[in-house]
Structure formats: structure tokens, C-alpha cells
Amino acid sequence: MLEPLRQGLPPIDPAAVSNAASCALPPRYEAVREARGFTRRTLDGWDTGDRFDDVCLVVSELVTNALRHALPADTPRHGEQNGPVRLHLMRWTERLVCAVRDPSHDSPVARETDDFSAESGRGLFLVDSFSDSWGWHPLAGTLDGKVVWALFRLQKPDGMMDRPPYE
């Protein structure tokens, strides 16, 4: 079991975010493809191509984990267009965060496996390998469930001077 982790996450102040986009995902495994398409269109618009493949892989893993492990077993898997899983993409000048919200209160569990040919069980290992940091935290207030997030450092736009992080 992983403890909630917020460190490494950029400031949550909405005014500090350069761009943000989100989409609701239906409780079907086809939603993983929809999430990748949404991510592709969003990142193309934000001109963040240097991390595109890493971000799409991580989005696929986070959404798959939410659909597989965070939805109640009796959740209908067809017919519903909007669902309890939501993908959020937030961009700062030099950082991008992918966050997947789901209704579960259960901590993400990274499985220990030496079988790298297995078809499942490596999702959080891949998230850890392809993102610069990741974590999760429970939701508070009127929102129920948790958010699992991954952070990516982006290349500085040409002409930007070095500055302290999170300005």
C-alpha cells in the first residue's frame, strides 16, 4: 500500500496553470483509447511534443488502473457516455501533470514482479519509469475518491531564462 503523496506536485493555484483540460471517461475499456486521443489532441494544441509518447503511455496506464481496480464490480461497462473516471491535464511553463480521478478510496498498489513478460501488473512500474514523479491523494470536500497523478518536466520554451521552480 502506498501512502498518499503530494510532494513534487506543482502549486494547485488555478492562476498558475498555463493550460488545463479534462474529460469524463465512460466505464468501458475503450475509454483508454479515448483518453489517449484526448491527450494527443490536447498536447498537440499545447505544443508539448517532446514528452508526447511518455505522457500517452502513462495516461493509458493510469486510466486502465482506474477502470480495472477503482470501479465497483457492479459498474455497468456499456451504454454510459460519461462515467466516474475523469482525466485532467494541466500544464505549467515547464511541467505537465496528468491526473486521473476515480471513486475508490483504495490506495494504488504497486505489484512486485520479476515477470516482465506478464500482460498485467506493471502499470505503476511503467508510470514510475516514464514520468518524472507520481503520487496520489484522497479527495476532500464534496468530491469522493482519489486522484492518481504523474508529473512530467517539459523543455523550456526558447528564450526563457532560468528561474526558481514554481514561479
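Mentor: This is a predicted model. Start with what the buried residues of H1 pack against: strand S1 (19-25), helix H2 (52-69), strand S2 (85-91) and strand S3 (95-102).

Trainee: Which residues of H1 are buried?

Mentor: Ala31, Val32, Ala35, Phe38, Thr39, Thr42, Leu43 and Trp46. The label buried requires under 20% relative accessible area.

Trainee: How do you know that the buried residues line one face of the helix?

Mentor: Looking down the axis of H1, the buried residues fall within an arc of 125 degrees, so they line one face. In general, an α-helix has 3.6 residues a turn, so residues three or four places apart point the same way.

Trainee: Which residues on the other side of H1 are called exposed?

Mentor: Arg33, Arg41, Asp44 and Gly45 are exposed there; the cut-off for that label is over 50%.

Trainee: What span should H1 have, and what is the distance between its end C-alpha atoms?

Mentor: H1 covers residues 31-46, which is 16 residues.

Trainee: What follows H1?

Mentor: Asp47, with a positive phi near 55 degrees.

Trainee: Where does this sit in the whole chain?

Mentor: The protein has three helices and five strands, in the order β-α-α-β-β-α-β-β along the sequence. Of its 167 residues, 41% are buried.

Terms used: Residues numbered from 1 in each chain as written. Predicted model: local features only at pLDDT ≥ 70, side-chain atom pairs only at ≥ 80, totals over all residues. Heavy atoms only, no water. Helix = DSSP H or I, 4+ residues; strand = E, 2+ residues; numbered from the N terminus. Expected span 1.5 Å × (residues − 1). Buried < 20%, exposed > 50% of the residue type's maximum accessible area, 1.4 Å probe, protein only. Arc of directions from axis to C-beta. Contact = heavy atoms within 4.5 Å.
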